[in-house]
Amino acid sequence: MTAILFIAQRASAAVLAFAVSVHLATILYAVRGGLTAGEVLARTRDNHWFFAFYVLFVLAVAVHAPIGLRNVIREWTPFHGRPLDVALAMFAFVLLALGFRAAVAVYLPPEALLG
Amino acid sequence: MSPGSESTLSVDVWRGATEGRFQTFQVPRRAQQTILDVVTEIQRDQDATLSYRFACRVGMCGSCAMVVNGRPRWTCRTRVGEAVGDGGKLQLEPLRNMTVVKDLAVDMAAFFDKWRDAKGHFEPSLISQDGGRTPPMEPQADFHIVPPSTPERRAADAGIECIGCGVCHSACDVVTWNEDYLGPAPLNRAWTLVNDVRDAGNDARIDAVSGSAGCHACHSHMSCTEFCPRGISPTYSIAGLKRAMISRALGRKP
């Protein structure tokens with residue numbers, strides 16, 4: 001189990017190294033001349049590449065952060081074992097849900113979101 | 001001779017066990033004097049109740065390691081001039097991360113138990129006695145020569161000179177935080193055996209070092225590498241074990 005978590009954390013870190021760089025570079029580039037929220041949304045809506053990129057980003061975060069947090073908690077607190085793993089699985093799910101919701105929100109048109 | 005004069009050395013020595021205090025001794029400075037010479041002189045001439053451990057006096061046995069002015073090191077191979085800073089004072093403590101038996105002597109049993117837990121023993125590969133018709137049952141009859149110039153032998157050589165002095169164990173922060181952590185020396189031993197082409201115990205060994213107290217717990221602070229008197233890099237060995245573990249988890253031979 002430790003081996004799988006170790007590999008998952010390293011692999012997700014490799015994805016994040018790429019994704020965070022692209023994310024930051026895009027922000028810096030896109031807003032250099034001043035950009036409104038509407039203009040940002042106009043570029044992100046219906047952009048499949050954009051959506052796929054952020055879904056990948058969110059997946060990597062949801063894998064990477066709970067494993068790292070698990071290591072820190074196990075090392076610095078007496079909180080161990082199954083309760084900790086369950087708590088962090090829930091944390092991973094929250095990250096996944098919030099991240100996916102944010103990606104969908106800037107990808108789909110408002111009508112689709114409001115139903 | 002008055003304390004503090006150039007030809008006298010002021011030495012604070014730990015007395016007691018886990019609880020204790022420093023006792024100050026004045027020891028004459030001598031040319032080429034080692035820290036072990038100083039401790040021996042205190043024990044012989046000033047306080048026969050001082051406990052410490054040594055055997056070979058030449059950096060082969062690893063039994064005289066102590067913390068000298070905050071740094072874990074072999075006392076037999078450390079000259080006073082090297083260890084004493086501008087202040088001219090010497091402070092001697094027992095190795096950290098081990099139970100103090102008395103004064104400068106520590107109990108190394110838990111340290112060596114971790115070598116066992118990391119499967120730090122050679123597991124001979126067995127061969128079939130009749131050219132493969134029966135399953136391999138017997139150890140090879142003759143020495144299995146691994147020529148010194150081969151990459152296999154050089155890989156095994158990288159960490160093989162460890163003499164188990166415990167300096168790295170004393171220097172490691174992760175050992176301090178997590179008493180279950182196997183530590184740099186047992187992991188270095190495991191990596192040496194992983195690289196030994198004659199050894200057949202890698203499945204159990206990589207399992208043993210892959211747990212939460214194994215190679216993953218290392219923070220790569222590199223204190224072990226910094227302080228190792230043999231110039232070994234246990235940090236490199238631990239990184240190697242992580243790679244071997246990944247290879248094995250992905251179904252490849254380490």
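## A walk through a two-chain predicted model

B:Trp74 touches B:Gly59, B:Cys64, B:Ala65, B:Cys165 and B:Pro229, leaving out residues up to four places away in sequence; being in contact is defined as having C-beta atoms, placed from the backbone, within 7 Å. This is a predicted model, in which local features need pLDDT of at least 70, side-chain atom pairs count only at pLDDT 80 or more, and totals for chains, interfaces and linings use all residues. Residues are numbered from 1 along each chain as its sequence is written, while chains are lettered from A and ligands numbered from 1 in the order in which they are written.

Back to the tryptophan. B:Trp74 sits in strand β4 (residues 71-74) of chain B; helices (H or I, at least four residues) and strands (E, at least two) are DSSP runs, numbered from the N terminus. Is B:Trp74 buried or exposed? B:Trp74 is buried, because 25 other C-beta atoms lie within 10 Å. On this scale a residue is buried with 20 or more other C-beta atoms within 10 Å of its own, exposed with 12 or fewer, and partly exposed in between, with the C-beta atoms placed from the backbone. B:Cys162 is 88 residues from B:Trp74 in sequence, and the C-alpha to C-alpha separation in space is 13 Å.

Now zoom out to chain B as a whole. Chain B has 10 helices and 9 strands, and its C-alpha trace spans about 80 × 35 × 30 Å along its principal axes. Of the 254 residues in chain B, 39% are buried. If you take the contacts in chain B with a separation of 6 or more, 61% of them are between residues 24 or more positions apart.

Next, a pair of helices in chain B. Two packed helices are described by the angle between their axes and the distance between the axes. Helix α7 (residues 184-194) of chain B and helix α8 (residues 202-209) of chain B have axes that come within 10 Å and cross at roughly 155°. That angle is why α7(B) is roughly antiparallel to α8(B). The axes are lines fitted to C-alpha atoms, for helices over the stretch in contact, and angles run from 0 to 180 degrees between N-to-C directions; under 35 degrees counts as roughly parallel, over 145 as roughly antiparallel, 65 to 115 as roughly perpendicular and the rest as oblique. The crossing of α7(B) and α8(B) is left-handed, a label for a near helix turned anticlockwise from the far one by less than a right angle, with clockwise giving right-handed. Which residues meet there? From α7(B) come B:Leu187, B:Ala190, B:Leu193 and B:Val194, and they meet B:Asn202, B:Arg205 and B:Val209 in α8(B). By class, this contact of α7(B) with α8(B) has 5 nonpolar, 1 polar and 1 charged residues. Here Ala, Val, Leu, Ile, Met, Phe, Trp, Tyr, Cys and Pro count as nonpolar, Asp, Glu, Lys and Arg as charged, and the others, Gly among them, as polar.

Chain A has a helix pair to look at too. Helix α3 (residues 48-76) of chain A packs with helix α4 (residues 81-107) of chain A at an angle of about 160°, and their axes are 9 Å apart. So α3(A) is roughly antiparallel to α4(A). The crossing of α3(A) and α4(A) is right-handed, and the residues of their contact split into 20 nonpolar, 1 polar and 2 charged.

Helix α2 (residues 37-44) of chain A is hardly covered, with 0 buried residues among its 8. In the loop between α2 and α3 of chain A lies A:Asp46, which is not a glycine but has a positive phi of about 65°. A:Asp46 counts as exposed because it has 11 C-beta neighbours inside 10 Å. B:Gln32 is placed in the loop between β2 (20-28) and α1 (35-46) of chain B, and its 8 C-beta neighbours inside 10 Å are why it counts as exposed.

How do the chains meet? Across the interface, 9 residues of chain B are in contact with 7 residues of chain A. Helix α10 (residues 234-249) of chain B gives the most to chain B's side, with 3 residues. That side has 4 nonpolar, 5 polar and no charged residues.

Finally, confidence. The predictor gives the complex an ipTM of 0.73 and a pTM of 0.85. Chain B has a mean pLDDT of 91, with 94% of its residues at 70 or more; pLDDT is the predictor's confidence in each residue, from 0 to 100.

Definitions and conventions:
Two residues are in contact if their C-beta atoms, placed from the backbone, lie within 7 Å.
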